[in-house]
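User: I would like to understand the labels used for this model. Please take them one at a time and show me the rule behind each.

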Amino acid sequence: TLPLSGKAALVTGGSRGIGAAVARRLAADGADVALTYVDAKERAAEVAADLRTTGRRALAVRADSASATDPVAAVRSTAQEFGRLDILVNNAGIFPNGPLEDITVEEIDRTLAIHVRAALLAAQAAAAHMTAGGRVVTIGSNLAERVPRPGITLYAASKSALGGLTRGLARDLGARDITANLIQPGSTDTEMNPADSSQADAQRALTALGRYGTPEGIAAMVAHLAGPEAAGITGSVFTVDAGANA
Ligand code: NDP
């Protein structure tokens, strides 16, 4: 049997990029998977349809991570549809960047809402449905620990908060045998950060391996942390960045 057989997962931001790769990998490993999106209804439906071809149940839910209520509603829909919830992957994200003087209050609030508040609300709601063996995996960024250029203060600040979130969740949920871990990708080839953009070579030059990572590479780390072999790992941070922070 597959490592995640009988499990149900929710992946936020699953219409493309890392989230879509995570959804595909968790389904391939045996889980039923719900994914959220905010704009890309068609693409989310296509990912869900793909997952169903593996024989799993799949659900695409519109849930704006910037909202104070949608993250909880998405958890509720997932648990209702699948009858359980075992794995939460907080992945939805945006990339605000630009000169310090251009950052607005609205942009700060929106970024913190999507990256931090939504992850905390979803984890809180998901934990109420989880049983022993439950998993919370959050997607942060290697920029949380090292900021190699100007223009990304807000993004780095928002992703840094996820370390504390993860360690706190590990302590809050450990007695129930639920784990919480953080994956910090480096430059990963997606629509957010295409490997053929004008800024890509500068990012590659920062890495030890001289290359971008892949969404599938991040998904493999999620699958490991979500699976039975990672039962003893909680409150930990895994940077998957081709050595950029080394
Ligand atoms: P993409 O831009 O390719 O995909 C973003 C996904 O998040 C989409 O599914 C999008 O949905 C969804 N999303 C965005 N805003 C919201 C919102 N308000 N509510 C719900 N869903 C939303 O990004 P990546 O796959 O590259 O990034 C995924 C995660 O990985 C992010 O947290 C990002 O910060 C992180 N990361 C990425 C790196 C990279 O180099 N690519 C590096 C380090 C971290 P829709 O299609 O509907 O817009």
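Analyst: One rule comes before the others: angles under 35 degrees count as roughly parallel, over 145 as roughly antiparallel, 65 to 115 as roughly perpendicular and the rest as oblique. The model is a predicted one, in which local features need pLDDT of at least 70 and side-chain atom pairs count only at pLDDT 80 or more, while totals for chains, interfaces and linings use all residues. Residue numbers start from 1 along each chain as its sequence is written.

User: Why are α4 and α5 called roughly parallel?

Analyst: Helix α4 (residues 105-127) and helix α5 (residues 153-173) have axes that cross at roughly 15 degrees and come within 10 Å. An axis is a line fitted to C-alpha atoms, for helices over the stretch in contact, and the angle, from 0 to 180 degrees, is taken between N-to-C directions. The limit for roughly parallel is under 35 degrees, and α4 and α5 are therefore given that label. Helices (H or I, at least four residues) and strands (E, at least two) are DSSP runs, numbered from the N terminus.

User: Which residues of α4 and α5 meet?

Analyst: Contact requires C-beta atoms, placed from the backbone, within 7 Å. In α4 the residues include I108, L112 and H115, and in α5 they include L154, L162 and L169. The contact of α4 with α5 has 13 nonpolar, three polar and two charged residues. In this division Ala, Val, Leu, Ile, Met, Phe, Trp, Tyr, Cys and Pro are nonpolar, Asp, Glu, Lys and Arg are charged, and the others, Gly among them, are polar.

User: What makes α1 and α2 roughly parallel?

Analyst: The axes of α1 and helix α2 (residues 41-52) cross at roughly 15 degrees and come within 10 Å. By the angle rule, α1 and α2 are therefore roughly parallel to each other. On the α1 side the contact is made by A20, A23, R24 and A27, and on the α2 side by V47, D50 and L51. These residues divide into five nonpolar, no polar and two charged.

User: How do you know that A20 is buried?

Analyst: A residue is buried if 20 or more other C-beta atoms lie within 10 Å of its own, exposed if 12 or fewer, and partly exposed in between. A20, in helix α1, has 26 such neighbours inside 10 Å, so A20 counts as buried. A20 touches G14, S15 and V47, not counting residues up to four places away in sequence. The C-alpha atoms of A20 and V47 are 6.8 Å apart, although 27 residues separate the two along the chain.

User: What makes the phi of D177 worth a remark, and is D177 buried or partly exposed?

Analyst: Most residues other than glycine have a negative phi. D177 is not a glycine, yet has a positive phi of about 60 degrees. This residue, D177, lies in the loop between α5 and β6 (179-185). With 13 C-beta neighbours inside 10 Å, D177 counts as partly exposed.

User: Where is A242, and is A242 buried or exposed?

Analyst: A242 is in the segment after β7 (237-240). A242 also has a positive phi, of about 55 degrees, without being a glycine. There are 23 other C-beta atoms within 10 Å, so A242 is buried.

User: How many residues surround the ligand?

Analyst: The shell has 31 residues, the closest being G13, G17, A40, G93 and T190. The largest share, three residues, comes from α1. The shell divides into 12 nonpolar, 15 polar and four charged residues.

Note on methods
Contact = placed C-beta atoms within 7 Å. Near = placed C-beta within 6 Å.
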